[in-house]
Amino acid sequence: MRVLLVEDDRDFAESVALNLAEAGYALLGPATSGVDAFRVLEHQRPDVALVDVYLEGQLDGLFVGTQLAERGVPVVYLSGRFERVLREGREHAAAMLAKPVDAHDLVATLQRVLATA
């Protein structure tokens, strides 16, 4: 399964990438911005996306997540604060994971989301 990781914190992205690799997932990215995420999408389609809600740059995580969901890609939002997702993006969220993410919770959530996609 291909997982698109959209995360601007390089240390956190590296940790998540390692957890995904250990669980047997293929990583697309990590994309460090919304623009980077759409560049990845030009060449590959993910089975699921992990998207940081608060990305730096012009395109925030909610915009990226909404666009992915509208293209049929399940979106798991990552954040330390979910107020904005609950107000503006809940209908596009397949799941939400609080940072820092436990490796077991990450894999379990991806399995659940992919099983229902």
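Visitor: Which strand holds S79 in this predicted model?
Guide: The strand in question spans residues 75-79. S79 is found there, in strand β4.

Visitor: Is S79 buried or exposed?
Guide: The relative accessible area of S79 is 2%. Buried means under 20%. S79 is therefore buried.

Visitor: Which residues does S79 contact, leaving aside its neighbours within four places in sequence?
Guide: Sequence neighbours within four places are set aside here. S79 then has contacts with V53, Y54, L97, A98 and K99.

Visitor: K99 is on that list. What kind of peptide bond joins K99 and P100?
Guide: P100 is found in the loop between β5 (95-98) and α5 (103-116). Omega for the bond between K99 and P100 is about -5°. The bond is cis.

Visitor: Where is A95, and is A95 buried or exposed?
Guide: A95 has its place in strand β5. Its relative accessible area is 9%. The cut-off for buried is under 20%, so A95 is buried.

Visitor: Which residues is A95 in contact with, leaving aside neighbours within four places in sequence?
Guide: In strand β4, residues 75-79, A95 has partners too: its contacts include V75, V76 and Y77.

Visitor: How far apart in space are A95 and D8, C-alpha to C-alpha?
Guide: In sequence, A95 and D8 are 87 residues apart. In space, C-alpha to C-alpha, the value is 19 Å.

Visitor: What is omega for the peptide bond that joins G29 and P30?
Guide: P30 lies in strand β2, residues 26-31. The bond joining G29 and P30 is cis. Its omega is about 10°.

Visitor: A31 also has its place in strand β2. Is A31 buried or exposed?
Guide: A31 has 1% relative accessibility. Under 20% is the cut-off for buried. A31 therefore counts as buried.

Visitor: What separates the C-alpha atoms of A31 and L5?
Guide: A31 touches L5, and also V6, E7, D36 and A37, not counting residues up to four places away in sequence. Along the chain, A31 and L5 are 26 residues apart. Their C-alpha atoms are separated by 6.1 Å.

Visitor: How do the axes of helix α2 and helix α3 run relative to each other?
Guide: The axes of α2 (residues 34-43) and α3 (residues 61-70) come within 9 Å. They cross at roughly 20°. Angles under 35 degrees count as roughly parallel. So α2 and α3 are roughly parallel.

Visitor: What is the handedness of that crossing, and which residues make the contact?
Guide: The crossing of α2 and α3 is right-handed. From α2 come G34, A37, F38 and L41. By class, the contact has six nonpolar, two polar and no charged residues. From α3 come F63, V64, Q67 and L68.

Visitor: How many aromatic pairs are there, and what is the geometry?
Guide: The count comes to one aromatic pair. The rings of F38 and F63 have centres 6.3 Å apart and planes at 65°. Planes over 60 degrees apart count as edge-to-face. The pair is therefore edge-to-face.

Visitor: Which parts does the pair of F38 and F63 tie together?
Guide: F38 is buried at 17% relative accessible area, and F63 is partly exposed at 37%. The two parts are 25 residues apart in sequence. F38 lies in one and F63 in the other, so the pair ties together helix α2 and helix α3.

How values were computed: Residues numbered from 1 in each chain as written. Predicted model: local features only at pLDDT ≥ 70, side-chain atom pairs only at ≥ 80, totals over all residues. Heavy atoms only, no water. Axes fitted to C-alpha atoms, helices over the stretch in contact; angles between N-to-C directions. Helix = DSSP H or I, 4+ residues; strand = E, 2+ residues; numbered from the N terminus. Parallel < 35°, antiparallel > 145°, perpendicular 65-115°, else oblique. Left-handed = near helix turned anticlockwise from the far one by under 90°. Contact = heavy atoms within 4.5 Å. Nonpolar A, V, L, I, M, F, W, Y, C, P; charged D, E, K, R; others polar. Phe/Tyr/Trp six-rings, centres within 6.5 Å; stacked < 30°, edge-to-face > 60°. Buried < 20%, exposed > 50% of the residue type's maximum accessible area, 1.4 Å probe, protein only.
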